[in-house]
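Let's take a walk through a fold together, starting with its sheet and ending with its aromatic rings. Have your viewer ready.

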Amino acid sequence: MIADKSNYNIGPLGDHHRAAFSCGNAALDRYIHEQASQDVKRGLAAIFVLAPKDEPKKIASYYTLSSRELKLDQLPAEISKKAGRYGYVGVTLLGRMAVDKKHKGTGLGALTLMHALEKSLIASRDVASWAVFVEAIDDAAANFYRKYGFVELPAEGRKLFLPMKTIAQSFIK
């Protein structure tokens, strides 16, 4: 199930009510409450929020994007052979993603992920990125990403990636 995009305003973090956000994970809550604005100001992450249209300052979910690189030897052998010969590949880091407890089970997590993947794909047309990379905060999050096709890095079960080619195929209209 995926939430209806037309019910949400989606855009960069602004003057939203960050203190009211609660996803149930202390680290993710603390990040949006205390550090998110600083990361934006320092150019460390782009932060996007999904806010209900009837409560445009309330954060229902959020995610962060930034640049990262992976060593080719971190990738599965059959994929690293196809990824290039430079030793590293640039990826888009989906660093944090969280849904407020009040919106759990509504499909908002899927909508948030789809928006993050689409944003990453669009950005990759101007600044090359081979994949979207995540470091899942726990096993439940890792399973969520696997459900959408993310592949584990060998021997690093909570570090997963989804190649841009796969993402592009999902968004071809």
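What follows describes the strands, then the helices across them, then the rings.

A word on the ground rules: this is a predicted model, so local features need pLDDT of at least 70 and side-chain atom pairs count only at pLDDT 80 or more, while totals for chains, interfaces and linings use all residues. Residues are numbered from 1 along each chain as its sequence is written, and side-chain values use heavy atoms, with hydrogens and water left out.

Seven strands form an open, mixed sheet in the order 1-2-3-4-5-7-6. Helices (H or I, at least four residues) and strands (E, at least two) are DSSP runs, numbered from the N terminus, and two strands pair if DSSP finds at least two bridges between them. Strand 1 (8-12) and strand 6 (151-153) are the edges; each has a single partner strand, so one side of each lacks a neighbour in the sheet. From one strand to the next, the twist averages 30°.

Now zoom in on strand 4 (residues 88-99). With strand 3 (residues 61-71) it pairs in the antiparallel sense over 10 bridges, and Ser 66 has Leu 93 as its bridge partner there. With strand 5 (residues 131-135), strand 4 pairs in the parallel sense over three bridges. Leu 93 is bridged to Phe 133 of strand 5, and Thr 92 to Val 132. Between strand 4 and strand 5 the chain passes through helix 3 (residues 108-124), a right-handed β-α-β crossover (with the strands pointing away from the viewer, the path from the first strand over the helix to the second runs clockwise).

Which helix lies across strand 4, strand 5 and strand 7? Helix 5 (residues 164-171) does, running at about 55° to strand 7. Such angles run from 0 to 180 degrees between N-to-C directions, with axes as lines fitted to C-alpha atoms, for helices over the stretch in contact (heavy atoms within 4.5 Å).

Finally, the rings. The whole structure holds seven aromatic pairs; rings of Phe, Tyr and Trp (its six-membered ring) pair if their centres lie within 6.5 Å, with planes under 30 degrees apart counted as stacked, over 60 as edge-to-face and the rest as tilted. Phe 21 and Tyr 62 are an edge-to-face pair, 5.3 Å centre to centre with 70° between the planes. Phe 21 and Tyr 62 are both buried (under 20% relative accessible area, where exposed is over 50% and partly exposed in between, with a 1.4 Å probe and protein chains only). Phe 144, Tyr 145, Tyr 148 and Phe 150 form one aromatic cluster.
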